[in-house]
Amino acid sequence: FAIFLLVLIIYQLLIQIFSSNFEFESVDRLIRSLLNVTIIGLVFGGADRYFSVEICRALLYAIILNSVFILLGSFFPLVNEFFSDISGNDRAVDYRSSGMLAGFDIAGFLAIIGLMMISFDVVRLKSKLTEGVFMVVIFSSTYFSSRVSVVIASAVFLYYLLGFIRNSSVSINHRILLTIVSSCVFIYIAYEAIVVLEVTMSFGVIDVPVDVASSVVLRSAVQDSDKFLWEDLFYLPSSCVGMIFGTGGCSVVSDVVVVQELFIYGFLGLLFSVVS
């Protein structure tokens with residue numbers, strides 16, 4: 001990973017030199033990632049299995065705790081304001097929170113990591129019921145943090161749920177309970193997702209009341225509310241060279257990460273980063 005990131009940093013610098021568009025922020029993110037990956041590799045590379053398992057367990061409990069913070073912050077504005085003062089995330093509004101983290105996307109990403117750690121038995125918990133409760137809590141927090149994370153989290157959660165239902169060692173009562181609770185959560189999030197898609201993409205499929213549409217914009221818009229529609233957030237560099245190799249910078253008015261990455265190092269850099 002460190003080698004891949006180093007290659008990406010060199011590629012990014014070359015693009016900035018050729019395009020005469022020098023922007024330290026995009027390079028800074030890659031350098032910090034390189035340092036983090038190197039430190040984590042050195043720590044875990046020389047650690048025994050017990051130490052690694054305990055670190056993973058501590059990480060999982062930290063993710064669960066932050067998911068609880070997200071849920072509390074989403075429903076209690078004063079709590080959300082308190083977390084925002086600590087994390088520095090000044091974009092937190094009612095029914096949206098990042099907990100103790102500085103951004104919504106990183107909160108959603110870590111929640112997905114937590115879901116995968118439980119689903120693939122990276123960390124074993126004492127009982128299947130405890131696993132199920134933790135999965136519901138973590139999954140619910142993705143809805144109140146990152147919209148994109150909900151899609152990936154739903155796939156991971158569904159994978160876990162199917163395995164839980166088929167597990168004959170779990171009592172039938174526990175399986176029925178988790179199925180009912182999970183179904184309610186899925187139905188609620190699916191309905192809310194349809195409303196958000198209708199407001200942001202104007203399909204004309206369902207009639208969304210004005211007050212509901214306003215609340216969606218208030219909760220989800222990062223930029224100006226007049227530039228909220230997804231058609232305003234998705235756009236590409238103006239030239240073919242820029243689309244392929246990037247423009248060297250991410251000074252674009254869009255919080256869509258794919259759009260930002262395309263402007264930073266183009267399709268080739270984006271493809272390389274995904275593969276790496």
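The side chain of Ser 74 comes within 2.7 Å of the backbone oxygen of Ile 70, a polar contact being a pair of N or O atoms within 3.5 Å in which, within protein, one atom must be able to donate a hydrogen and the other to accept it, and residues adjacent in sequence count only if both atoms are side-chain atoms. The model is predicted, so local features need pLDDT of at least 70 and side-chain atom pairs count only at pLDDT 80 or more, while totals for chains, interfaces and linings use all residues. Residues are numbered from 1 along each chain as its sequence is written, and side-chain values use heavy atoms, with hydrogens and water left out.

**Overall architecture**

The protein chain has twelve helices and zero strands; helices (H or I, at least four residues) and strands (E, at least two) are DSSP runs numbered from the N terminus. Of its 276 residues, 37% count as buried, where buried means under 20% relative accessible area, exposed over 50%, and partly exposed in between (1.4 Å probe, protein chains only). Among contacts with a separation of 6 or more, 57% join residues 24 or more positions apart, contact meaning heavy atoms within 4.5 Å. The accessible surface of the protein chain is about 15900 Å², and 71% of this belongs to carbon and sulfur atoms. Accessible areas come from the Shrake-Rupley method with a 1.4 Å probe, and for residues only the protein chains shown count as cover.

**Helix α3 and its surroundings**

Ser 74 is located in helix α3, residues 49-75. This helix has 27 residues and reaches 40 Å from its first C-alpha to its last, close to the 39 Å expected at 1.5 Å a residue; the expected span is 1.5 Å times one less than the number of residues. Its buried residues include Leu 60, Asn 66, Ile 70 and Ser 74. The buried residues of α3 pack against α2, α4 (77-87), α5 (104-119) and α6 (128-143).

Ser 74 counts as buried, at 2% relative accessibility. Not counting residues up to four places away in sequence, Ser 74 touches Asp 94, Tyr 95, Arg 96, Ser 97 and Phe 144. In helix α4 lies Asn 80, which is buried at 4% relative accessibility. With residues up to four places away in sequence again left out, Asn 80 touches Gly 73, Ala 92, Val 93, Arg 96 and Ser 97. The C-alpha atoms of Asn 80 and Gly 99 are separated by 7.4 Å, although these residues are 19 apart along the chain.

A further buried serine is Ser 182, with a relative accessible area of 0%. Ser 182 belongs to helix α8, residues 172-201, and is in contact with Val 136, Phe 157 and Leu 161 when neighbours within four places in sequence are set aside.

**Salt bridges**

The structure holds three salt bridges, a salt bridge being a side-chain nitrogen of Lys or Arg within 4 Å of a carboxyl oxygen of Asp or Glu.

| Pair | N to O distance |
|---|---|
| Arg 32 and Asp 28 | 3.1 Å |
| Arg 29 and Glu 261 | 3.3 Å |
| Lys 128 and Glu 131 | 3.4 Å |

Arg 29 lies in helix α2 and Glu 261 in helix α12 (residues 257-275), so this pair ties together parts that are 232 residues apart in sequence. Arg 29 is partly exposed at 30% relative accessibility, whereas Glu 261 is buried at 11%.

Arg 32 and Asp 28 are separated by about one helical turn because they are four residues apart in helix α2. Arg 32 is partly exposed, with a relative accessible area of 45%, and Asp 28 is also partly exposed, at 24%.

Lys 128 and Glu 131 are three residues apart in helix α6 and so are separated by about one helical turn. Lys 128 is partly exposed at 31% relative accessibility, while Glu 131 is buried at 4%.

**Nonpolar surface and the chain ends**

A nonpolar patch on the surface, with about 800 Å² of accessible area together, includes Phe 24, Ile 39, Phe 44 and Phe 51. The elements that give two or more residues to this patch are α2 (24-45) and α3, and the largest share, seven residues, comes from α2. Patches are made of residues with over 30% relative accessible area and no salt bridge; like charges are joined within 9 Å and nonpolar side chains (Val, Leu, Ile, Met, Phe, Trp, Tyr) within 5 Å.

Val 7, in helix α1 (residues 2-19), is partly exposed at 41% relative accessibility. Val 7 and Ser 273 are 266 residues apart in sequence, yet 9.9 Å apart in space, C-alpha to C-alpha.
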